[in-house]
Amino acid sequence: MRKVWARLGWILSLPAVVATAVAASSSAIPSDVPVPKDLKLPADIPAAIYLPASRREAHPLFWGMGDVESGRTLEDEVGEIGPLFFASTHLIDPGDDRSHALAIALHPDLSVDGQTITFKVHYKVFDAEAHPLLDAEKSASLTVGPFSGGGDVIGKLSQRAMLLAFADIVTQLRPDATRFPSTGSFKDRPLDLLANRDKPVSSATGFYFNANGQVMTAAHVVRHCIAIDTAHESQVVPATVVASSDLLDLAVLDTHVATTQYLRFRRGERYELGETVTAVGYPLQPVLAATPTLTRGNISSQAGLQGSVGQLQFSAPIQPGSSGGPLVSEAGELLGFAVATLNGNAIAVPTQNVNFALEARYAAQFLRLHRLAFDEVEPGGKADLHTATTAALGAVVSVKCYE
Amino acid sequence: MIEGTRSAWRPIGALALAVALSFAPVRADEPPGNAPPYSVAALPPLRFVGGVIGDDLYNTLRQAPRFRQLGRDMVGSPIELRVYRLLRTTGGNRAKGEVTGVLAASTLGLIPMVISGEHEIIYEYRVNGRVVSRYSYKKAITRSINLWKSNDTTHGLGKDGLEWARSTADRFLQDSASDAALAAVVEEYNAYFTPTAVPTG
């Protein structure tokens, strides 16, 4: 029955689909996209374009559809639309030495409100010297119904929003080689000015592990960030990645803030099965208040999921955002840090508190390899609830990632 | 926020997917890039994710000595081999597909729908989610389809397309035998964890 309705939808949507198809087949700026008629396009300057890494290869149409994905990505859209407005365009990567006259940061967003789909692009434009020129947004919406047509509807929305954004940029700035010389590059310039600081793309946890204020967290937490903030007791400090291992899912951040409240490793980095542990982190931000959440449990297994390596299993409850949070013994020693939890929905089996941490001994091995300082303490020190919570809460920081 | 819209678009995606899954090959493959000269003889346990043409690719890969520890159930392994399929269409052939689709639907299937696109089967090594190397095999496909027939056993590729898809497993095995990025991952793996003994070759 659904197939019949789907086919009927195609028939009913004939006018809309034909119109959209004809528009999509054009390689010029569509006539309903407002650009001044006296403006010579494409402008004779190179434009560098930033798209958040997590959005560059998104395939909106077939999300969740299994192994077949639409190859139409936002990167494809920008690759087609950019040359309509600028003589050359390239996507910005860290350390990019290609020159540009304008740098354009595009921050796409998709929202659903009832039957209405809205694709919004927030854009910031900078000149070659990284001076801000423009900060605005455009959007395209569609209300879903029997006449809304089939095919890559979201792709068309993103295309429309991107066209409007580029049209606004050239209308407002009237770019040419005289006004905007091609002297900029991101070879030695950090990308953080391009980040959308309105909201982080992810929020997680880390902890100080030495007096230099270096923070350990999970590598996946900071993978695509072009700006990172850490926060401890309301003090927000920018951070940069100094070393990381995707294999261990471990990253070390520099905050350049000296501290005495850091976690020490248990000498030998061994633990007991069943040992009581305290987990602390900043989960579910910003739903929960920006104060650390502390839970207690024990080490429930010396191994993780099948095929995993270097992980222990623990029962102290964690939630999204707890990644990178330390696992602390009753004596306040670091035993590991949270990297994953078992998603019961994925295996269609109810699960409770099946969580995984990277064992501290692999973190210590990583630090030795990278010649990063850390302290060890002999096991057998004072061990109680107060010691554990004081150590954990003193060292924990929230980590916010911006793209 | 974008991920939250998946379910809302599933009906439209399903329709487009059904259309996209019905193609036949017309153009030769594009060769993959040159691989660097590093040998990856034995791999640690690694997870397989993918079902592009059922279990065919998985079964072929599993026969290679280097993939003896490849498994769909290795869900905890930090290293993953992911195989998936892309369909790339340009604005022009998207438009042609939609126009012929409308004609096909409005003539109750008397006129077939013609869709062109570039199919791509991608093999990716990922380490905890980060892509470390990628092998891509492409084929441009044009296919006339009848909207009323939906029992396609070739996974939407047509007979020749299915043969092409199967052949990518052997080509991937050959192309990825020397992979510097993967060799570096294996070296790091062995440095931290006990090397796993598997047959070489």
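**A walk through chains A and B**

Of the 403 residues in chain A, 46% are buried. Keep in mind that this is a predicted model. Chain A is built with 8 helices and 20 strands. Look at its contacts with a separation of 6 or more: 72% of them join residues 24 or more positions apart.

Start with helix H5 of chain A, residues 153–173. Of the 21 residues in H5(A), 16 are buried, so the helix is largely enclosed by the rest of the structure. After H5(A) comes Arg174(A), with a positive phi near 45°.

Now turn to the largest nonpolar core. It holds 132 residues, and Ile104(A) and Leu106(A) touch the most other members. H5(A) gives the most to this core, with 11 residues. Domain 1 (2–194) and domain 2 (202–402) of chain A each supply at least three residues to the core. What does Ile104(A) contact, leaving aside neighbours within four places in sequence? Its partners are Ala47(A), Ile49(A), Tyr50(A), Tyr123(A), Val125(A) and Ile169(A).

Next, find strand S18 of chain A, residues 355–359. Here 5 of the 5 residues are buried, so S18(A) is largely enclosed by the rest of the structure. Strand S15 of chain A, residues 311–314, runs antiparallel to S18(A), and 4 bridges join the two. In this pairing, Gln313(A) has Phe356(A) of S18(A) as its bridge partner. Strand S17 of chain A, residues 333–341, also pairs with S18(A). That pairing is antiparallel and has 5 bridges. There, Ala338(A) stands opposite Ala357(A) in S18(A). In a regular strand, side chains alternate between the two faces of the sheet.

Finally, move to chain B. Its helix H5 covers residues 180–192. At 1.5 Å a residue, these 13 residues should span 18 Å; the end C-alpha atoms are 19 Å apart, which agrees. Which residues of H5(B) are buried? They are Leu182(B), Val185(B), Val186(B) and Tyr189(B). Seen down the axis of H5(B), the buried residues fall within an arc of 95°, so they line one face of the helix. The face turned away from that buried side carries Glu187(B) and Ala191(B), which are exposed.

Definitions and conventions: Residues are numbered from 1 along each chain as its sequence is written. Chains are lettered from A and ligands numbered from 1 in the order in which they are written. This is a predicted model: local features need pLDDT of at least 70, side-chain atom pairs count only at pLDDT 80 or more; totals for chains, interfaces and linings use all residues. A residue is buried if 20 or more other C-beta atoms lie within 10 Å of its own, exposed if 12 or fewer, and partly exposed in between; C-beta atoms are placed from the backbone. Two residues are in contact if their C-beta atoms, placed from the backbone, lie within 7 Å. The expected span of a helix is 1.5 Å times one less than its number of residues. A nonpolar core is a set of buried Ala, Val, Leu, Ile, Met, Phe, Trp, Tyr and Cys residues joined through C-beta atoms within 7 Å. Domain bounds come from an automatic or database domain assignment. The arc is that of the directions from the helix axis to the C-beta atoms. Two strands pair if DSSP finds at least two bridges between them.
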